[in-house]
Amino acid sequence: MTASNPPRDESPAAHLDSTAHLMNRISSQLASQLSLVSLNGRRRPGPPALVVVAHGSRDPRALSTVRTLLDRVREQRPGIPVHLGHIELNDPLLPDTLATLGTREAVLVPLLLSRGYHIKRDIPEMAAASQVRARVAGALGPHPLLVETLHDRLVEAGWCTSMADTTRRRSAVVLAAAGSRDPESKIDTNRTAQLLSERLGVPVVPAYATTAAPTVPDAIRALAANGRHRVAVASYFTAPGRFATESAEAAPWIASAPLGTHPAMAKLVLHRYDQALATPVTTTEPELASA
């Protein structure tokens, strides 16, 4: 007795859905190509390249996450050429990516959550050393789309969106971020914590995995001393890595996953790209778009 093949859905609706999906993809690709051709048949210059600048990590999950996020960006805006460059630790490094672009126009969007040395010095200097006609966008944060992502990640981890007043009075969140010596970095992280607190209705305390204070364990202890024993750790990192793992391990209750490939992250990357293009260039140096 031979095993039968599993039944396939041969319904007309299934074929129509599949055909419609294929036709939509073909139409989208065709529209993208036609947009590059003017009425006289000459090819229009394409949009500036989008170079997503990641920090880099020894954790292989980080590179995988960033590549998937770039795929999400391409899906949302198929007409834009999207590239990846790292500040350190991973290939391709940013100077190598810029070298492949020659003298093209590009917008560099840092996959960084606050202002700091990388955005103010490292990335502009790498851009200036290349032949690319570059604009450098601002940090991703603070921004409501980040708060949306943080909220969703906490809910995925077990945060209850409706809780009794007694539970709320015992609850709090530690926003675990990478530290920086730049005071503007703390300003940006504090603002994100404030926005998240308004969204959740509980205190949100920013804390840091390195360099800055308070540390994540110190923030948790301070909250417990004030009667907040139901503390969640919100991972304010773009991708998995050592700092995100250590911060999550310190959580006395739940810990959310990093921001990762949430759809709002791709939307925010494109927003920073558009924002940089909308800012007039006033010098020949790489432009630092407002955050």
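In this predicted model, Ala 177 touches Thr 189, Ala 207, Tyr 208, Ala 209, Tyr 236 and Phe 237, leaving aside residues up to four places away in sequence. Ala 177 itself lies in strand S5. With a relative accessibility of 2%, Ala 177 counts as buried, because the cut-off for that class is under 20%. A further reference point is Ser 114, which is 63 residues from Ala 177 along the chain; the C-alpha atoms of the two are separated by 9.7 Å.

One of the contacts of Ala 177 is also a strand pairing: Tyr 208 is its bridge partner in S6. Strands S5 (residues 171-177) and S6 run parallel and are joined by 5 bridges. Strand S6, spanning residues 204-208, is mostly covered, with 4 of its 5 residues buried.

Attention now turns to a pair of helices. Helix H2 (residues 60-76) packs with helix H10 (residues 263-278) at an angle of about 65 degrees, and their axes lie 9 Å apart. H2 is therefore roughly perpendicular to H10. On the H2 side, the contact is made by Leu 69, Arg 72, Val 73 and Gln 76, while H10 contributes Pro 263, Met 265, Ala 266, Lys 267, Val 269 and Leu 270. As for handedness, the crossing in which H2 passes H10 is right-handed.

Key. Residues numbered from 1 in each chain as written. Predicted model: local features only at pLDDT ≥ 70, side-chain atom pairs only at ≥ 80, totals over all residues. Heavy atoms only, no water. Buried < 20%, exposed > 50% of the residue type's maximum accessible area, 1.4 Å probe, protein only. Helix = DSSP H or I, 4+ residues; strand = E, 2+ residues; numbered from the N terminus. Pairing = 2+ DSSP bridges. Axes fitted to C-alpha atoms, helices over the stretch in contact; angles between N-to-C directions. Parallel < 35°, antiparallel > 145°, perpendicular 65-115°, else oblique. Left-handed = near helix turned anticlockwise from the far one by under 90°. Contact = heavy atoms within 4.5 Å.
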